[in-house]
Amino acid sequence: MRPSLPQTTIALAERHEALWLRLSTLHKDICVIAAKKPEAPVGNTERATAEGLISDCRPYLRKPVDRLPVAAETFAGLAVQLGQVLALLEDFEKRHAYWNGKHACRVWRVAGEPLPVARLRQEVAPFELKTFKGRNMREELAKLMAAQDSGHYERGFAAGRAARQGPPQSGEDTAL
């Protein structure tokens with residue numbers, strides 16, 4: 001029997017992508033500072049932000065950590081620490097996402113329809129929207145909208161013609 005591949009939830013996948021963006025941005029900023037002043041002490045704001053993000057990444061670790069993380073005291077150390085957490089996030093993505101040939105993009109392994117990995121900004125191949133009878137929904141919708149617009153036009157035209165002719169005479173038939 002073949003072992004099942006790990007799945008994730010849509011909420012966890014979306015949270016992963018948001019965390020990855022925030023963490024990678026902070027990592028880049030810390031690396032810039034660390035390149036200039038590697039031994040400079042990390043400020044309270046940067047430390048609190050880093051500790052919060054690292055703590056938020058706990059669900060994506062292979063083995064849950066019992067203790068809350070403590071950010072490194074220097075910018076060089078914090079850059080390394082954030083890089084390690086970023087690597088753990090990418091490991092989670094590697095285990096829970098795959099290449100989908102039908103959509104021609106990398107997707108999360110979730111229940112139901114595959115969810116493209118949004119942070120990669122992939123060009124997702126369009127797929128045909130079909131009704132249960134196999135008809136193209138876009139064409140059907142366009143026909144319905146055109147018919148509705150035509151009906152509105154005809155009713156408006158008739159109302160305008162009736163307004164130009166004035167009120168009906170007392171002896172005339174008012175039915176059209």
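This briefing walks through the fold, the sheet, the core and the aromatic rings of the structure above.

You're looking at a predicted model, in which local features need pLDDT of at least 70, side-chain atom pairs count only at pLDDT 80 or more, and totals for chains, interfaces and linings use all residues. Residues are numbered from 1 along each chain as its sequence is written, and side-chain values use heavy atoms, with hydrogens and water left out. The protein chain holds 4 helices and 3 strands, and from the N terminus on they run α-α-α-β-β-β-α. Helices (H or I, at least four residues) and strands (E, at least two) are DSSP runs, numbered from the N terminus.

**The chain overall**

- Of the chain's 176 residues, 26% count as buried; buried means under 20% relative accessible area, exposed means over 50%, and partly exposed is in between (1.4 Å probe, protein chains only).
- Take the contacts (heavy atoms within 4.5 Å) with a separation of 6 or more: residues 24 or more positions apart account for 58% of them.

**Helix 1**

- Helix 1 (10-36) has 27 residues and reaches 40 Å from its first C-alpha to its last, close to the 39 Å expected at 1.5 Å a residue. That expected span is 1.5 Å times one less than the number of residues.
- Its buried residues include Trp20, Leu23, His27 and Ile30.
- Helix 2, helix 3, strand 2 and strand 3 are among the parts that cover the buried residues of helix 1.

- The 3 strands make an open sheet in the order 1-2-3, with antiparallel pairing; two strands pair if DSSP finds at least two bridges between them.
- Strand 1 (97-100) and strand 3 (115-116) are the edge strands with a single partner each, so one side of each has no neighbour in the sheet.
- Helix 3 packs on this sheet, touching strand 1 and strand 2, and its direction makes about 95 degrees with that of strand 2. For such angles, axes are lines fitted to C-alpha atoms, for helices over the stretch in contact, and the values run from 0 to 180 degrees between N-to-C directions.
- Strands 1 and 2 run antiparallel and are joined by 4 bridges, with tryptophan 99 standing opposite arginine 106 in strand 2.
- These two strands form a hairpin with 4 residues between them, and alanine 104 in the turn has a positive phi of about 55 degrees.
- Strands 2 and 3 also run antiparallel, joined by 2 bridges, and here tryptophan 108 stands opposite leucine 115 in strand 3.
- Their hairpin has 6 residues between the strands, and glycine 112 in the turn has a positive phi of about 90 degrees.

**The nonpolar core**

- The largest nonpolar core has 28 residues, and those with the most contacts inside it are Leu23, Ile30, Leu78, Leu82, Leu89 and Trp108. A nonpolar core here is a set of buried Ala, Val, Leu, Ile, Met, Phe, Trp, Tyr and Cys residues joined through side-chain atoms within 4.5 Å.
- Helix 1, helix 2 and helix 3 each supply at least two residues of this core, and helix 3 gives the most to it, with 8 residues.

**Aromatic rings**

- There are 3 aromatic pairs: rings of Phe, Tyr and Trp (its six-membered ring) pair if their centres lie within 6.5 Å, and planes under 30 degrees apart count as stacked, over 60 as edge-to-face and the rest as tilted.
- Tyrosine 60 and phenylalanine 92 make an edge-to-face pair, 4.8 Å centre to centre with 80 degrees between the planes.
- Tyrosine 60 sits in the loop between helix 2 (44-56) and helix 3 (75-96), while phenylalanine 92 is in helix 3, so this pair ties together parts that are 32 residues apart in sequence. Both tyrosine 60 and phenylalanine 92 are buried.
- Phenylalanine 92 also pairs with tryptophan 108 in a tilted arrangement, 6.2 Å centre to centre with 45 degrees between the planes.

**A buried glutamine**

- Glutamine 81 is in helix 3 and, at 17% relative accessibility, counts as buried.
- Leaving out residues up to four places away in sequence, glutamine 81 touches Ile54, Val70, Ala71 and Ala72.
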